[in-house]
Amino acid sequence: MEELLGGFSLGLFFWQAVLFIALILLLKKFAWKPILDSVNDREEGIKNALDAAEKAKLEMQNLQADNQKLLKEARAERETMLKEARDMKNKMIEDAKDEAKEAAGKLITQAQASIETEKKAAIADLKSQVANLSIEIAEKVVREELSNKDKQVKLVESMLGEATLN
Amino acid sequence: MRRKISLKPITLLLLLVTFASFGKEQDGHGEPKTDQATEIKEYIQHHLKDSYDFSLFSYTAENGEHKYFGFPLPVILWDNGLKVFSSSKFHHGETVAEVDGNYYRVHHSKIYKVDGPNGQIIEDDHHHATNEKPLDFSITKNVTMIMMVFLIMFFMFKRMATAYKKNGGMPKGMGRLLEPIVLYVRDEIAIPNIGEKHYKRYMSYLLTVFFFIWIVNLFGLTPIGMNVTNNIAVTFCLAIITYLITTFSGNKNYWKHIFWMPGVPVPMKIILAPIELLGTFIKPFALMIRLYANITAGHIVMMSIIGMMFIFNNWIGSSLSLFLAFVLGILELLVAALQAYIFTVLSALYFGMAVEEHEHH
């Protein structure tokens, strides 16, 4: 202890105190503050950049999820559209078939009606022709009959062979 | 966990000191080597003391004349007025210096006033000089070293700071080496001990004290250097700054824990108060002694081992000493940083205690 006290030099203490406190204050102003501030700023910057990257990643994920959703929706929509189109097609075909059937039916009835009329007209015509022919035949027969009996018969027969019924 | 400090190197050092001093005493018994051993011992003691010149080395010429290499430093005394003169007037302590009709002499690295041109130092029974001692503010070798370290640190860190500005917040050159250390002090010393909330206030002191002790210790290991931290005045100054900062930043809780310890019965509170109060003084006192003793011990051991080379004076002993000195030199490099670290950690710890906020009691 005596050695310690004996070794104590007031002058050295004085200079050490003055210089050391001056050094603390000077370094605080010119070195530590700017250094620590820069380091802090840099660390903040790195932290912010990392946060931003993380955020961007999250956004990207969200975006991808959205895309997936949109794609899914689009696919579903396409499905429904296709289904509708198919339905419509079927319906149209069905309708067309019905219509065609109806038209054909109509045509057939019309044709049948006209055939009936034509038939009736033909029968009437035939009747009248048969009547005329019969009269003509009868006339010729009568005329032949009047001249030759054989001939008369022959005539009737040829006449009849000619007269093909329409 | 961090508060635990490994005492191994210190113990080892103390062990070595014990052996060294034991060895020296044995050498001192009437052997033919005695003269050399005494000379070495004196040289070591002289080296550990401050001096008024910046001597790089000295030797004794063949005609017995002491030759010195170095330069004188200014002596500043307060003795009924300011007296400033060059230390070359003392002729390395061999003569009396005369300034304005006053006579001064250097005795055991201290300046004493003497009666006249041939005045002598009068010693009492305990070999203590009884002469008047003027107030001494000389720029001694140690003060010169402190100034050098002051300038080195100032320009080094100022450059580092400006490099950040120029480089857009990135370190450059020396800064790349120093930045991890600065960050280490912040992240491993200041924040864990003081806490996120308050640490910023103490960063300037912690960084300055860490680098100051470290650089000064490293200079002490160079052959030209003079170790500043083996002066009790320097370590006392550092410790008292830590003490003052701790005391002035102490919050209500800190003082309550000293004078009226919560959670213990009243008689214990009364017993604890003086102990705790004493503790506040013992902590910086331990800081002071620890740094001083470690560095001084290191130097004594180092120089003793180097001195042993001359005492052995044969190739086995001398090369062994050289090897030992080399190993110890490496150890001292570690101690230089370790002591700076310990001083800074403990200071931070005390600041942390002063600003600690106890929420659960």
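**Chain B and its cores**

Mentor: Chain B has 9 helices and 8 strands. This is a predicted model, where local features need pLDDT of at least 70, side-chain atom pairs count only at pLDDT 80 or more, and totals for chains, interfaces and linings use all residues. Residues are numbered from 1 along each chain as its sequence is written, with chains lettered from A and ligands numbered from 1 in the order in which they are written.

Trainee: What makes a run a helix or a strand here?

Mentor: Both are DSSP runs, numbered from the N terminus: a helix is H or I with at least four residues, a strand is E with at least two.

Trainee: Why do Leu206(B) and Val185(B) count as being in contact?

Mentor: Because two residues are in contact if their C-beta atoms, placed from the backbone, lie within 7 Å. Leu206(B) also touches Ile189(B), Ala190(B) and Thr344(B), among others, leaving aside neighbours within four places in sequence.

Trainee: What makes a set of residues a nonpolar core?

Mentor: Its members are buried Ala, Val, Leu, Ile, Met, Phe, Trp, Tyr and Cys residues joined through C-beta atoms within 7 Å. Buried means 20 or more other C-beta atoms within 10 Å of a residue's own (exposed is 12 or fewer, partly exposed in between). The largest core has 66 residues, and Leu206(B) and Phe212(B) have the most contacts inside it. H5(B) supplies the largest share, 15 residues.

Trainee: And how much of chain B counts as buried?

Mentor: Of its 361 residues, 32%.
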